[in-house]
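Subject: Structure handover

Hello,

Here is the structure for you to look through. Please open it beside this message and follow along.

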Amino acid sequence: MTNQQLLESLNWRYATKVFDLNKKIPADTWQTLEHALVLTPTSYGLQPYKFLVINNPAKRAELLPHSFNNKSQVMDASHFVVFTARTKLAEADVDQWIERLAEGRNISSESLSAYRGRMLGDVVNGSRGKIAHEWATRQAYIALGNLMTCAAVLKIDACPMEGINPPEYDRVLNLSGSGYATVVACALGYRSLQDKYASAPKVRFETKELVQQI
């Protein structure tokens, strides 16, 4: 992909308001997007979130009243993803990641003791541990941005949705006591020819107004 092709993809994307109900994302393409979510960078690599792909139409219908009744995004999109973030982190969570890291890199868990200590002193017992859900929410938003960019490159339409009622989503999705809570959602699929926003010019401030060289 060239520099120009990347910018063309980002200019092509927009927050899709009306999805084509009859067009579905191919299974292999969706698997690629799921893997892109997994590859999202996070602080310490802890991945303090889960992505719930809502395939069941009845479950989507339950979420609709808590999504400002955005019917096309919730009901018509090929895929509807709810981003949830950890409500807190415990020592056991850090140890689980240490074990996974040691296994993946074929090293001993003991060799990661200093790294383990830094994580415990920060996101469990330290300052960020006191705002664990807020910290995890920021990580989830990195994943959201990564998903939308990858989707644009693959010519998949997407719409990030903050216009939802997270506590009601938690209730519908039975998240109480799970250690996770809803933070944002994203609808993905293919734009409908009826979506007037598809042809609207993309408007942004000029680069020089947002990017400062120091």
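Predicted model: local features only at pLDDT ≥ 70, side-chain atom pairs only at ≥ 80, totals over all residues.

Residues are numbered from 1 along each chain as its sequence is written, and side-chain values use heavy atoms, with hydrogens and water left out.

**The whole chain**

The protein has nine helices and four strands. Here helices (H or I, at least four residues) and strands (E, at least two) are DSSP runs, numbered from the N terminus. Read from the N terminus, the order of elements is α-α-β-α-α-β-α-α-α-β-α-β-α. Along the principal axes, the C-alpha atoms fill a box of roughly 60 × 45 × 35 Å.

Of the 214 residues, 42% are buried. Buried means under 20% relative accessible area, exposed means over 50%, and partly exposed is in between (1.4 Å probe, protein chains only). The accessible surface is about 12400 Å², and carbon and sulfur atoms account for 53% of it. These areas come from the Shrake-Rupley method with a 1.4 Å probe, and for residues only the protein chains shown count as cover.

A contact is a case of heavy atoms within 4.5 Å. Among contacts with a separation of 6 or more, 80% are between residues 24 or more positions apart.

**The sheet**

In which order do the strands of the open sheet lie? The order of the four strands is E1-E2-E4-E3, with antiparallel pairing. Two strands pair if DSSP finds at least two bridges between them. The edge strands, E1 (49-53) and E3 (157-161), each pair on one side only. From one strand to the next, the twist averages 25°. Axes are lines fitted to C-alpha atoms, for helices over the stretch in contact, and angles run from 0 to 180 degrees between N-to-C directions.

The pairs can be taken across the sheet:

- E1 and E2 (residues 79-86) are joined by five bridges; Lys-50 has Thr-84 in E2 as its bridge partner.
- E2 and E4 are joined by eight bridges; the partner of Arg-86 in E4 is Tyr-180.
- E3 and E4 pair over five bridges; the partner of Pro-160 in E4 is Cys-186.

Strand E4 is mostly covered, with 10 of its 10 residues buried. Helix H2 (residues 27-38) packs on the sheet and touches E1, E2 and E4 (180-189). The direction of H2 makes about 165° with that of E1.

**Helices H5 and H6**

Helix H5 (residues 91-105) packs against helix H6 (residues 113-124) at an angle of about 145°, and their axes are 10 Å apart. From H5, the contact includes Trp-97, Ile-98 and Leu-101; from H6, it includes Tyr-115, Met-119 and Leu-120. By class, the contact has eight nonpolar, no polar and three charged residues. Ala, Val, Leu, Ile, Met, Phe, Trp, Tyr, Cys and Pro count as nonpolar, Asp, Glu, Lys and Arg as charged, and the others, Gly among them, as polar.

**Leu-210**

Leu-210 lies in helix H9 (residues 207-210). Is Leu-210 buried or exposed? Leu-210 counts as exposed because its relative accessibility is 61%. The C-alpha atoms of Leu-210 and Gln-47 are 29 Å apart, and the two residues are separated by 163 residues along the chain.

Regards
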